[in-house]
Amino acid sequence: MPVFGRSEFVARIARVKARMIAAGIDVLVCADPANLNYLTGYDGWSFYVHQYAVLSLDDEEPLWIGRAMDAPGAHMTTFVRPENIVPYPETHVDSALLHPAQFVAAVLRERSCNRARIGVDLDAFYFTARAYLELMKALPEASFVDSEGLVNWVRLVKSPAEVALMRGAASIVSKAMAVGMEAVAPGVRECDAVAEITAAQFHGTADFWGDYPAALAQVPSGRKSAAPHMTWSGDRYEQDTVAYLELGGCHHRYHAALARTLYLGKPPQALLDVAKVVAEGLDVALDAARAGTTCHNVEAAWRKVINRAGYHKASRIGYSIGLNYPPDWGERTASLREGDETVLEANMCFHMILGMWMDDWGYELSETFCVRPSGAPEILTSFPRDLVVKP
């Protein structure tokens with residue numbers, strides 16, 4: 001049942017080990033569910049309990065360490081040999097006395113890693129402070145270092161097989177956007193529009209079934225559109241208001257995201273002006289997103305366009321996207337923003353999202369793209385970029 005063949009995982013592990021060697025790390029302990037998936041293939045809604053992938057330079061395969069009741073799912077979805085699936089007992093679940101990190105430490109001691117230099121990602125959502133303290137307490141002779149998102153950075157460059165899944169995710173979100181734009185109308189409740197959008201996200205397309213996205217639909221309208229990251233309520237869409245839809249498509253945990261804006265009625269000139277400038281800026285920034293340039297230079301191309309028109313945007317205009325689990329489809333690595341000198345390489349994928357939030361209204365326009373070896377990037381998502389007007 002693993003999504004990819006063994007050769008895909010072997011190549012990933014080789015790249016991760018190369019970074020481990022460069023960082024002086026003997027053993028890597030990963031708690032991020034996306035990194036567990038990346039290193040082992042494991043996929044399950046079990047990240048609400050502690051689970052880990054443990055990779056040693058001396059071992060061919062990583063260990064999967066998780067709750068005993070989740071071990072059958074690990075046997076089904078991972079590529080690793082059965083002996084490398086190591087479950088911890090139920091006594092360690094939500095216990096004040098026993099912690100899964102204690103179990104991990106015991107496994108490391110059994111494998112003579114008690115004096116190793118162990119890398120842990122201190123800023124991972126699913127690696128808790130207690131897990132860190134328990135590991136250090138149980139392995140006093142080991143030295144612990146921050147791996148600083150080591151696997152996340154390896155994930156930044158996708159394989160052709162990964163890009164193919166992201167194309168599928170892009171086709172799903174493009175379809176969901178069309179459904180959402182049709183659903184939004186005066187008098188319709190936000191929750192009802194989201195119900196139709198979510199159905200489209202899960203139905204997917206004829207070729208790509210829809211997985212659950214790592215982030216929820218964002219569908220604010222009116223004054224609420226002045227703030228990003230708003231989900232939905234029972235409020236009804238009103239005539240003569242702006243609304244935007246920021247959605248994700250997901251297939252086998254790989255994502256593509258898309259944002260578009262609509263107006264219910266005759267749009268005011270201020271909105272039309274912003275829409276025109278943002279569309280121009282998107283074209284320019286996408287054209288700049290070529291292999292060999294930097295994230296900084298891509299953002300600078302956008303900033304030049306909007307500054308010339310008298311606008312300003314302080315936040316980043318994009319981030320790497322791909323394999324992920326809640327709460328976010330972003331990879332938490334490279335960002336399209338001023339000062340980020342990450343060099344773009346072929347098969348890096350980004351969600352370029354241009355959000356302009358004013359005092360009492362907002363506007364969003366985005367695309368998910370993949371950097372090509374040469375030339376302009378491949379735009380994975382597909383939906384007209386014009387402001388949608390529903391009179």
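**Entry 1: a loop and its hairpin**

Between which two strands does the loop that holds R253 lie? I looked this up and found R253 in the loop between strand 7 and strand 8; strands here are DSSP runs of E with at least two residues, helices are runs of H or I with at least four residues, and both are numbered from the N terminus. I note that this is a predicted model, in which local features need pLDDT of at least 70 and side-chain atom pairs count only at pLDDT 80 or more, while totals for chains, interfaces and linings use all residues. Residues are numbered from 1 along each chain as its sequence is written, and side-chain values use heavy atoms, with hydrogens and water left out.

R253 has a positive phi of about 75° although it is not a glycine, and with a relative accessible area of 1% it is buried. Buried means under 20% relative accessible area, exposed means over 50%, and partly exposed is in between, computed with a 1.4 Å probe on protein chains only. Strand 7 and strand 8 form a hairpin with 2 residues between them, and H252 in the turn has a positive phi of about 50°.

**Entry 2**

Two strands are taken to pair if DSSP finds at least two bridges between them.

Strand 8 (residues 254-264) pairs with strand 7 in the antiparallel sense over 11 bridges. I checked individual positions: T261 in strand 8 is the bridge partner of Y244, and H255 in strand 8 stands opposite C250. Strand 8 and strand 14 run parallel and are joined by 3 bridges, with L262 opposite V388 in strand 14.

How many residues of strand 8 are buried? I find that 11 of the 11 are, so strand 8 is largely enclosed by the rest of the structure. Both of its faces are covered, with buried residues including Y254, A256 and L258 on one side and H255, A257 and A259 on the other.

**Entry 2: the largest pocket**

Grid points are joined across faces, edges and corners, and a volume is the space filled by probe spheres set on the points.

The largest pocket has a volume of about 390 Å³. Of the 19 residues that line it, Q218, H229, E246, R316 and Y319 are the closest to its centre. Strand 9 (318-321) and strand 11 (349-357) each supply at least two residues of this lining.

**Entry 3: the cavities**

I counted 3 cavities of 30 Å³ or more. The largest cavity has a volume of about 80 Å³ and is lined by 13 residues, of which D32, F125, N324, Y325 and D328 lie nearest its centre. Strand 10 (residues 330-335) gives the most to the lining of the largest cavity, with 3 residues.

The second largest cavity holds about 50 Å³ of space. Strand 1 (27-30) and helix 6 each supply at least two residues of its lining, and N152 is one of the lining residues. N152 has its place in helix 6 (residues 150-155) and, at 5% relative accessibility, counts as buried. A polar atom of the N152 side chain lies 3.1 Å from the backbone oxygen of E331.

**Entry 4: backbone exceptions**

Most residues other than glycine have a negative phi, and most peptide bonds are trans. I noted that the peptide bond from P326 to P327 is cis, with omega near 20°, and that P327 lies in the loop between strand 9 and strand 10. S112, which is not a glycine, has a positive phi of about 60° and is found in the loop between helix 4 (100-110) and strand 5 (117-120). With a relative accessible area of 62%, S112 is exposed, whereas R253 is buried.

Conventions. 1 Å grid on protein atoms, 1.4 Å probe; cavity = no way out; pocket = protein on both sides within 12 Å on 5 of 7 lines; lining within 4 Å. Polar contact = N/O pair within 3.5 Å; in protein donor to acceptor, adjacent residues only side chain to side chain.
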